[in-house]
Each structure stands twice: as structure tokens, then as C-alpha cells.
Amino acid sequence: MKLFVFDHCPFCIKAMMVAGLKKADIELVYLQNHDVDARIDKVGANLVPILQKEDGSYMAESLDIAAYIDAIDGNPVLATGSNDDNISAWSDIARPYSSRLLYPRWMKVDLPEFQCEEAKAWFTKNKTAMIEQDFDDAFSKSDEYLTELNASFAKLSWLQLPSERNNVLSYDDVNLFPALRNLTVVKGVQFPTRIRQYIDEVAALTSTSLYDDIAV
């Protein structure tokens, strides 16, 4: 099987972390960010991740892919989530700041989906429109956004560590971890000790790489 992804995409990370958790025999294929045709040719829409099954057919939608990978060996292990509202509440507060911190930084680190100028230009055009802000301007205001982002972590006081639940992950982790993982690329993020431990524990269980070594 093959999983077509972007390394920075939270939806892709949902699928990748379950593949890592299950130690599934899945090849990761990194698409170039601007190559919309490659996505449409497979699933008829500009979507990632995309899973190519053993029979050659394709499926999209990150949670459907996560569930498929979890169950493919007949032994699904992900528990049902119970914190959708809590995750949404934090995301709504953090997103305006995290997007302005992350988007400029994806252009400053070496990611596989940005290996040509066309991919970088396409991303820059679309995301600057989304945040209504130039990347250089957003990057220059990092301290301002970091203050707000760091304050948002108080909304995750409900978080339970995997080590406190026999290392059983749930769909809460699938939905929350990708956003926290991506923030490791931002130098100056002040993760509370418990949240940092959560990131490290989930990363270890799912064999997901973090960005600490290349943080900007």
C-alpha cells in the first residue's frame, strides 16, 4: 500500500501516525504541494492524504484512512474519542496564531513537498490569501503570536497522557496530536511540561518525527 501525503499537513499526519502505531507496511509518497492534478487523478478532488490500497484503488478522507489502517489487521486498537468539543475549543483559539507562525516557517525548512519553486509559490499564494498577510510580515510578528499561542495551552488542561492510560491511543489523539506536533517547528513555543510530555509520548508510540532539531 501507498500513502500519498504532505509532511506538514495535519490531515496527513492523522493517517501517518496510525500507520506508525500499527507498524503497517505502507510506503509514504510525498506529493509536491502544487501538483493538484496528481490528487485529482486519484480521487477526483484536491485532497490529501490519499491511500492506495493493495487492490490499487484509492481512498481519501483522513479519519476514514486512519480507521482503515487501524482495522486492516483485524485488531483495531484506537479507542473512541470523547473530547471533540475540548479539541475544537482549543483549536478555535490557537488557529489564528498557529497558522501565522507555521505558514512562513514551512518555507524556511526543508520539507519533501516543497522541493521545487512551483510548490513553494503555490503554497505561498494560497496561504497568504488565507491569513490575509504577507509571510514576512507574519514572521516578523512571531513574538506577538507566540504570546497568544502559549496562553492557549491552558485550554488543554484536560489532557491525559498515554502513559496514564496504558499507552492506548484514541481518536482524540488522532485529532489533537498533529497540530501540536507541527508547533515543534516554531522556536519559542513554551509547551507546558505536561503537553510536551504528551507530544513526546505520542510521537514515540506512532514513530512520528518532530521538528525540534530544525525549529525556526
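Cys 12 is buried, with a relative accessible area of 0%; buried denotes a relative accessible area under 20%, exposed over 50%, and partly exposed the range in between, computed with a 1.4 Å probe on protein chains only. The model is predicted, so that local features need pLDDT of at least 70 and side-chain atom pairs count only at pLDDT 80 or more, while totals for chains, interfaces and linings use all residues. Residues are numbered from 1 along each chain as its sequence is written, and side-chain values use heavy atoms, with hydrogens and water left out.

**Cysteines**

A search of the whole structure finds 0 disulfides, a disulfide being a pair of cysteine sulfur atoms within 2.5 Å. Cys 12 takes part in none, and the nearest cysteine sulfur, that of Cys 9, is 3.4 Å away. For Cys 116, the closest cysteine sulfur is that of Cys 12, at 17 Å, which is too far for a bond. Cys 116 counts as partly exposed, at 21% relative accessibility.

**Strands and helices**

The protein chain has 9 helices and 4 strands. These elements are DSSP runs numbered from the N terminus, with helices (H or I) of at least four residues and strands (E) of at least two. Along the sequence their order is β-α-β-α-β-β-α-α-α-α-α-α-α.

Strand S1 (residues 2-5) runs parallel to strand S2 (residues 27-30), and 4 bridges join them. S1 also pairs with strand S3 (residues 50-52), in the antiparallel sense and over 3 bridges. Two strands are taken as paired if DSSP finds at least two bridges between them. Lys 2 stands opposite Glu 27 in S2 and opposite Gln 52 in S3.

Together, S1, helix H1 (residues 10-21) and S2 make a right-handed β-α-β unit. Right-handed here means that, with the strands pointing away from the viewer, the path from the first strand over the helix to the second runs clockwise.

**Backbone features in loops**

Val 48 and Pro 49 are joined by a cis peptide bond, with omega of about 0°. Pro 49 lies in the loop between helix H2 (36-43) and S3.

**Overall dimensions and packing**

With 216 residues, a compact globule would have a radius of gyration near 17 Å, and the protein chain agrees with this, at 17 Å. The radius is taken over C-alpha atoms, and the globule rule is 2.2 Å times the number of residues to the power 0.38. Along the principal axes, the C-alpha atoms fill a box of roughly 50 × 45 × 30 Å.

Of the 216 residues of the protein chain, 47% count as buried. The accessible surface of the protein chain comes to about 10500 Å², and carbon and sulfur atoms hold 47% of that surface. Accessible areas come from the Shrake-Rupley method with a 1.4 Å probe, and for residues only the protein chains shown count as cover.

Among contacts in the protein chain between residues at least 6 apart in sequence, 74% join residues at least 24 apart, where contact means heavy atoms within 4.5 Å.
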